[in-house]
Amino acid sequence: MKYLIGTDIGTTATKTVAYDLNGRTIFKSEVCYKLLMPKIGMIEQDPDEIFDSVLDSIEKVVRQIGKSNTIAGISFSGAMHSIIPIDKNGDKLMNAVIWADTRSSQVAKDLRESGEGFAIYKSTGTPIHPMLPLCKIIWLKSNKKNIFEKTSKLISVKEYIFYKLFGLYVIDHSMASGTGFLNLKNMKWDDTALRIAGINENMLSEIVPVDHIFKGIKDLYAAKIGIDPEVPFIIGGADGPLANLGSGAVQKGISSVSVGTSGAMRVISDSPVVDRKMRTFTYVLDESHFTIGGAVSNAGMAVKWFMDNFGGKIDSTMAKASKIKAGSDGLVFLPHLTGERSPYWDASLRGVFFGMNIYHKKPHFLRATLEGIGYSLYDVDLALEEITGKIDEVHLSGGMTRSKLWIKILADVLGKKVLTMKNDDSSAFGAMIVGMKALKIIDNFDEVKNFFLISKTYFPDAKNHDVYMKIFEIYKMLHDDLKKDFKNIVEFQEGSDKDGTEGRSFT
């Protein structure tokens with residue numbers, strides 16, 4: 001039997017899955033790593049820890065397969081928007097600054113309010129926000145001058161992995177489209193974005209198609225993984241676009257929702273679409289397929305924050321929360337713990353529990369947290385439907401699929417049927433599909449329908465949807481009324497943080 005491996009390098013873990021050539025999951029592994037959060041707004045990761053985790057994750061699957069000559073190829077997905085400065089010797093100069101880091105908030109604000117910010121959005125499809133490597137690089141130049149002066153290359157975590165494996169600086173079209181530097185018309189580095197960042201294209205990697213194949217992995221790593229050095233490595237794409245592909249959400253009227261640490265809703269288009277209100281992004285799946293959508297910064301992260309800080313067992317608390325009626329007895333949660341991306345693109349937003357009374361217990365707060373994440377995705381849904389058309393069906397992937405309550409809440413908030421897939425690791429599965437195309441096992445991405453298996457369909461409850469729509473109006477009102485107060489509290493937090501805060505790391 002031949003196997004094709006999909007490896008998804010995520011924010012908090014690398015997942016590796018071995019599939020047979022019919023798309024069935026055979027073996028899988030997951031290796032976690034830390035988020036480094038020494039102070040407010042600063043969220044980094046050690047790229048060497050991630051690299052070791054990628055090797056460990058693949059090695060575990062290869063060991064289960066047993067014979068490396070049965071591996072047809074290894075294809076990759078990666079989390080977007082990280083940046084690592086690299087010196088002329090190929091050594092990292094600091095940790096990876098990941099998408100959730102907000103230290104470039106002022107840079108993003110200034111650029112967003114300028115005419116050039118919208119011009120960059122129109123040409124690259126990436127809204128101006130601190131997540132963008134473009135903004136991070138501008139911040140780096142001003143605030144880490146000693147590091148920037150030594151920088152030869154500026155690369156993402158996924159690029160770092162490929163540099164370590166092959167000694168090459170390469171980036172696929174999909175990952176490149178999340179940097180703020182890729183011109184969507186000519187698929188080259190954008191001159192305006194380069195000028196604004198004050199760098200030249202030599203500081204960025206060579207752009208290649210998502211189905212580009214590499215062979216000749218370094219002997220040291222081939223031995224560690226347990227494979228022949230000539231096993232094909234397919235560069236693959238970014239986790240978001242590949243989640244659409246991997247969940248079968250490739251037709252008009254179907255959206256993909258992936259919920260892990262963060263969350264996103266996306267649809268596929270055959271042409272890039274930009275929003276005059278700059279609420280959505282446009283990322284590349286390949287040169288003829290584009291994902292239009294929006295990302296929310298706080299999904300699984302918000303649930304983990306709640307359970308870490310308020311204790312208890314998630315399963316028992318979920319069970320109690322499931323018995324509470326829709327609307328959490330009037331408790332409303334704004335889940336903006338690390339600011340928010342779509343549709344606001346405002347890093348100063350903060351979390352709020354509103355409407356608390358003496359009768360609310362821990363399960364109310366957990367349910368309100370799940371509902372708040374649902375409202376944030378509904379906010380994206382409204383913007384997306386406005387610019388791309390009606391969405392009737394949602395294909396769900398990620399950690400949310402492990403909670404029936406959370407899925408039911410999402411279906412009721414959106415007022416749409418929600419389908420879960422048997423292949424729930426949608427980004428890894430999407431990477432596998434890209435690998436199949438690269439290796440000519442399939443001819444095009446439309447053939448994903450041959451591997452698409454529905455696990456369960458959840459239908460919305462009309463009465464619950466009506467309740468949620470009334471509360472969503474309160475959710476929106478809170479956001480609008482508190483915007484100025486959020487900015488004031490962020491200034492206070494940042495001022496307090498200058499006196500030093502206790503360092504934190506989360507797995």
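**A tour of the inner spaces**

By class, the second largest cavity is lined by 8 nonpolar, 5 polar and 1 charged residues. That's our starting point, and keep in mind that you're looking at a predicted model.

To find the spot, select Gly10, Gln45, Ala79, Ser82 and Val157: of the 14 residues lining the second largest cavity, these sit closest to its centre. The space inside comes to about 100 Å³.

Next, hop over to the largest cavity, with about 120 Å³ of space. Pick Ile83, Pro133, Glu159, Ile171 and Thr179, which are the closest to its centre among the 17 lining residues. Now colour α4 (133–143) and β9 (153–155), the elements that each give two or more residues to this lining. Sorted by class, the lining of the largest cavity has 10 nonpolar, 6 polar and 1 charged residues.

Last stop: select Thr124, which lies in helix α3 (residues 115–124). Is Thr124 buried or exposed? It counts as buried, because its relative accessibility is 0% and the cut-off for buried is under 20%.

Show the side chain of Thr124 and the backbone of Ile120: a polar atom of that side chain lies 2.7 Å from the backbone oxygen of Ile120. Then bring up what Thr124 touches beyond four places away in sequence: Ser177, Gly180, Phe181, Leu182, Leu184, Asp190 and Thr282.

Note on methods. Residues numbered from 1 in each chain as written. Predicted model: local features only at pLDDT ≥ 70, side-chain atom pairs only at ≥ 80, totals over all residues. Heavy atoms only, no water. 1 Å grid on protein atoms, 1.4 Å probe; cavity = no way out; pocket = protein on both sides within 12 Å on 5 of 7 lines; lining within 4 Å. Points joined across faces, edges and corners; volume = space filled by probe spheres on them. Helix = DSSP H or I, 4+ residues; strand = E, 2+ residues; numbered from the N terminus. Nonpolar A, V, L, I, M, F, W, Y, C, P; charged D, E, K, R; others polar. Buried < 20%, exposed > 50% of the residue type's maximum accessible area, 1.4 Å probe, protein only. Polar contact = N/O pair within 3.5 Å; in protein donor to acceptor, adjacent residues only side chain to side chain. Contact = heavy atoms within 4.5 Å.
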